[in-house]
Amino acid sequence: MMNEVKPQFQDELKAFESRKGELLDIAGGKFAVFKGAEFLGVFDTPAAAFDAGVSKYGNVSFLVKRVLKEEQIEHAPAIFWGISQACP
C-alpha cells in the first residue's frame with residue numbers, strides 16, 4: 001500500500017478559505033497565520049506574522065497569507081532574481 005503525500009498547506013488553505021469572508025471584514029490587507037486548522041491571528045506585516053508564528057509554533061511550517069478579496073499575481077523578471085544568465 002502506497003502512502004499518499006498530502007500537499008503542503010492543504011489544511012491551512014482550507015481553514016483560510018472557510019474564514020476568508022470574516023477576515024476580509026475585519027482585517028482586509030493584513031496577514032493571517034494558520035497552522036493546520038488553527039487560526040493564530042492577523043498582523044500588519046508579513047514579518048510580524050512570521051515572528052508570531054515562530055513564537056507560537058516554533059521552527060515548523062505554518063501559513064502566512066495576505067487577506068485579499070482576489071489573489072494578486074506577483075511578477076518578478078529573471079533579471080531581478082539574478083538568473084538571466086542561468087544555464088540549465
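Which residues are buried in α2? In this predicted model, the buried residues of that helix are Ala 49, Ala 52, Gly 53 and Tyr 57. They lie on the same side of α2, because they cover an arc of only 105° around the axis.

**Overall architecture**

- The protein has three helices and three strands, and along the sequence these follow the pattern α-β-β-α-β-α.
- The protein has 88 residues, of which 24% count as buried.
- Where contacts join residues at least 6 apart in sequence, 45% of them link residues at least 24 apart.

**Helix α2**

- Helix α2 comprises twelve residues, 46–57.
- From the first C-alpha to the last, α2 reaches 16 Å, which is close to the 16 Å expected at 1.5 Å a residue.
- In an α-helix there are 3.6 residues a turn, so residues three or four places apart point the same way.
- After α2 comes Gly 58, which has a positive phi, near 85°.

**Lys 20 in helix α1**

- Lys 20 belongs to helix α1, which covers residues 10–27.
- Although Lys 20 is buried, it has no salt bridge.
- The nearest side chain of opposite charge to Lys 20 is that of Glu 17, 4.3 Å away; this pair does not qualify because a salt bridge requires a side-chain nitrogen of Lys or Arg within 4 Å of a carboxyl oxygen of Asp or Glu.
- A polar atom of the Lys 20 side chain lies 3.4 Å from the backbone oxygen of Leu 68.
- With neighbours within four places in sequence left aside, Lys 20 is in contact with Leu 68 and Lys 69.

**Phe 39 in strand β2**

- Phe 39 is located in strand β2.
- Phe 39 has a relative accessible area of 22%, and is therefore partly exposed.
- Phe 39 and Phe 16 are 23 residues apart along the chain, and their C-alpha atoms are separated by 8.1 Å.
- Apart from neighbours within four places in sequence, Phe 39 is in contact with Arg 19, Leu 23, Ala 32, Val 33 and Phe 34.

Conventions: Residues are numbered from 1 along each chain as its sequence is written. This is a predicted model: local features need pLDDT of at least 70, side-chain atom pairs count only at pLDDT 80 or more; totals for chains, interfaces and linings use all residues. Side-chain values use heavy atoms; hydrogens and water are left out. Helices (H or I, at least four residues) and strands (E, at least two) are DSSP runs, numbered from the N terminus. The expected span of a helix is 1.5 Å times one less than its number of residues. Buried means under 20% relative accessible area, exposed over 50%, partly exposed in between (1.4 Å probe, protein chains only). The arc is that of the directions from the helix axis to the C-beta atoms. Lys and Arg count as positive and Asp and Glu as negative; His and the chain ends are not counted. A polar contact is a pair of N or O atoms within 3.5 Å; within protein, one must be able to donate a hydrogen and the other to accept it, and residues adjacent in sequence count only if both atoms are side-chain atoms. Contact means heavy atoms within 4.5 Å.
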